[in-house]
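Subject: Structure for your files

Hello,

Here is the structure I said I would pass on. My notes on what was found in it follow below.

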Amino acid sequence: MTSIRHNDGVLDAAQDCVLAYGVRRTTLTDVARRAGVSRMTIYRRWPDVRTLVADVMTREWVRVVAGLDMSDPVRAVVAGVRGLREHPLWRKIVEADPELLLPYLLDRRGATHEAVLEVLERDLGDPRKARAVLLVAQSFLLSAPTMLDPVTLDELDAELAALLEAYLGQLA
């Protein structure tokens with residue numbers, strides 16, 4: 001039997017609920033109803049909404065990363081930052097439930113971090129570079145909106161590209 005933790009129907013339903021209500025107002029009952037499965041089916045795999053939402057976030061962020069053309073790592077990282085910044089789930093979480101992101105910023109790496117590091121390590125050839133690039137990209141993803149006046153997101157993304165070009169060019 002396939003694990004429901006990878007069941008796109010349940011993950012889609014959870015994402016729909018979060019987009020409609022936010023994480024705090026979503027219940028596993030809401031998700032079960034929307035997915036067309038029993039509440040107990042969901043409770044067997046996910047102890048709470050946060051665990052389920054973490055799986056949804058991982059799926060969505062990995063999809064963004066998987067769609068990047070890593071033949072040009074600088075362009076790919078900037079595109080990844082933009083893709084995440086524009087993703088409806090990312091926007092909803094940042095606007096309504098930003099505290100969900102804190103453990104991944106302060107305490108531990110998540111599954112998405114691991115997936116991104118795997119791609120960056122493979123394409124950059126160095127775990128140190130991969131981590132530095134991820135930290136810089138994460139900073140631009142999370143904090144760019146606080147730096148917008150008098151510059152635009154496009155200008156900040158151009159600065160991210162310039163930083164990465166200089167860093168990766170020097171260490172290549």
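The second largest pocket has about 370 Å³ of volume. Please keep in mind that this is a predicted model. Its lining consists of 17 residues, and those nearest the centre of the second largest pocket are Arg 85, Trp 90, Val 94, Leu 141 and Pro 145. Five helices each give at least two residues to this lining: α5, α6 (88–96), α7, α9 and α10 (153–171). The largest share comes from α6, which supplies four residues. By class, the lining of the second largest pocket holds 10 nonpolar and seven charged residues, with no polar ones.

The largest pocket takes up about 550 Å³. There are 31 residues in its lining, with Leu 84, Thr 112, His 113, Val 116 and Leu 134 nearest the centre. The elements giving two or more residues to this lining are α4 (49–66), α5 (73–86), α7 (102–106), α8 (111–124) and α9 (127–143). In the lining of the largest pocket, 23 residues are nonpolar, six are polar and two are charged.

Helices α5 and α9 are named in the lists for both pockets, and they also pack against each other. Their axes come within 10 Å and cross at roughly 35 degrees. The crossing of α5 with α9 is right-handed. On the α5 side, the contact is made by Val 77, Val 81, Leu 84 and Arg 85; on the α9 side, Val 133, Ala 137, Phe 140 and Leu 141 take part. That contact is made up of seven nonpolar residues and one charged residue, with no polar ones. Two of the residues in the contact, Arg 85 and Leu 141, are also among those nearest the centre of the second largest pocket. Leu 84, which belongs to the α5 side of the contact, is one of the residues nearest the centre of the largest pocket.

For the chain as a whole, there are 10 helices and zero strands. The C-alpha trace spans about 55 × 40 × 25 Å along its principal axes. The chain has 172 residues, and 40% of them count as buried. Of the contacts in the chain with a separation of 6 or more, 62% are between residues 24 or more positions apart.

Gly 36 follows α2 and has a positive phi, near 75 degrees.

Setting aside neighbours within four places in sequence, Arg 50 is in contact with Glu 99 and Leu 100. The C-alpha atom of Arg 50 is separated by 9.8 Å from that of Leu 28, and the two residues are 22 apart along the chain.

Regards

Note on methods
Residues are numbered from 1 along each chain as its sequence is written. This is a predicted model: local features need pLDDT of at least 70, side-chain atom pairs count only at pLDDT 80 or more; totals for chains, interfaces and linings use all residues. Side-chain values use heavy atoms; hydrogens and water are left out. On a 1 Å grid over the protein atoms alone, a cavity is a set of points where a 1.4 Å probe fits but cannot get out, and a pocket is an open set with protein on both sides within 12 Å along at least five of seven lines; lining residues have an atom within 4 Å of a point. Grid points are joined across faces, edges and corners, and a volume is the space filled by probe spheres set on the points. Ala, Val, Leu, Ile, Met, Phe, Trp, Tyr, Cys and Pro count as nonpolar, Asp, Glu, Lys and Arg as charged, and the others, Gly among them, as polar. Axes are lines fitted to C-alpha atoms, for helices over the stretch in contact, and angles run from 0 to 180 degrees between N-to-C directions. A crossing is left-handed if the near helix is turned anticlockwise from the far one by less than a right angle, and right-handed if clockwise. Contact means heavy atoms within 4.5 Å. Buried means under 20% relative accessible area, exposed over 50%, partly exposed in between (1.4 Å probe, protein chains only).
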